Amino acid sequence: MKRSALVIIAVFAAGISISAMLASLVNAQQGVPKQVKPLPLKHTVIHRMDLAGLEGKQGALVEVEYAPGAGDKKHYHSGYLFTYVVEGSVIWEVEGQPPVTLKAGDTFFDPPMRVHNHRNASTTQPAKFVAFFIETKGQKRTVPVK
């Protein structure tokens, strides 16, 4: 009886091991990554519309998501920028000023042409903010600075 139980346990353990190896082999052949890395930076335009009474101007609502540790390079915007941090915390660096750390619930205003950059303050958690732009139609929203 003891021998039968040992044989059953050995067959069961061997079956589990073979199943795990086969699953690994199938995933490798199908190109399934072991760990999916998020994109460092993602912009999603939520809404855009002409602004009545402001000839040639439009409003744009943009969601910005940063992976842990991600950031952007120095740039400026052609229009006015109002920011609301939704999740995590963001370090906002305006050229010539000390960096400011904004956390969920904080807001920030940036006038046109002011050089700045921002980055996720955390290396382990994502960060997300919503930006509302008042911009001139036909102009580039973000201009990189070298």
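Which side chain does Arg119 meet in a salt bridge? In this model, which is a predicted one, the partner of Arg119 is Glu93, and the N to O distance is 2.8 Å. Arg119 belongs to strand S8, residues 116-120, while Glu93 belongs to strand S5, residues 89-94, so this pair ties together parts that are 26 residues apart in sequence. As for accessibility, Arg119 is partly exposed at 31% relative accessible area, and Glu93 is also partly exposed, with a value of 22%.

Let me set that pair in context. Side chains of opposite charge can pair when their charged atoms come close. Searching the whole structure gives 8 salt bridges, and I will go through two others.

One of them joins Asp50 to Lys137, with 3.0 Å between the closest N and O atoms. Here Asp50 sits in strand S1, whereas Lys137 sits in the loop between strand S9 (127-136) and strand S10 (142-144), and the pair therefore ties together parts that are 87 residues apart in sequence. Asp50 has a relative accessible area of 46%, which makes this residue partly exposed, and Lys137, at 41%, counts as partly exposed as well.

Glu65 comes from strand S2 (residues 57-66) and Lys42 from strand S1 (residues 41-50), so the parts tied together are 23 residues apart in sequence. Glu65 is partly exposed at 23% relative accessible area, and Lys42 is partly exposed at 43%.

Methods. Residues are numbered from 1 along each chain as its sequence is written. This is a predicted model: local features need pLDDT of at least 70, side-chain atom pairs count only at pLDDT 80 or more; totals for chains, interfaces and linings use all residues. Side-chain values use heavy atoms; hydrogens and water are left out. A salt bridge is a side-chain nitrogen of Lys or Arg within 4 Å of a carboxyl oxygen of Asp or Glu. Helices (H or I, at least four residues) and strands (E, at least two) are DSSP runs, numbered from the N terminus. Buried means under 20% relative accessible area, exposed over 50%, partly exposed in between (1.4 Å probe, protein chains only).
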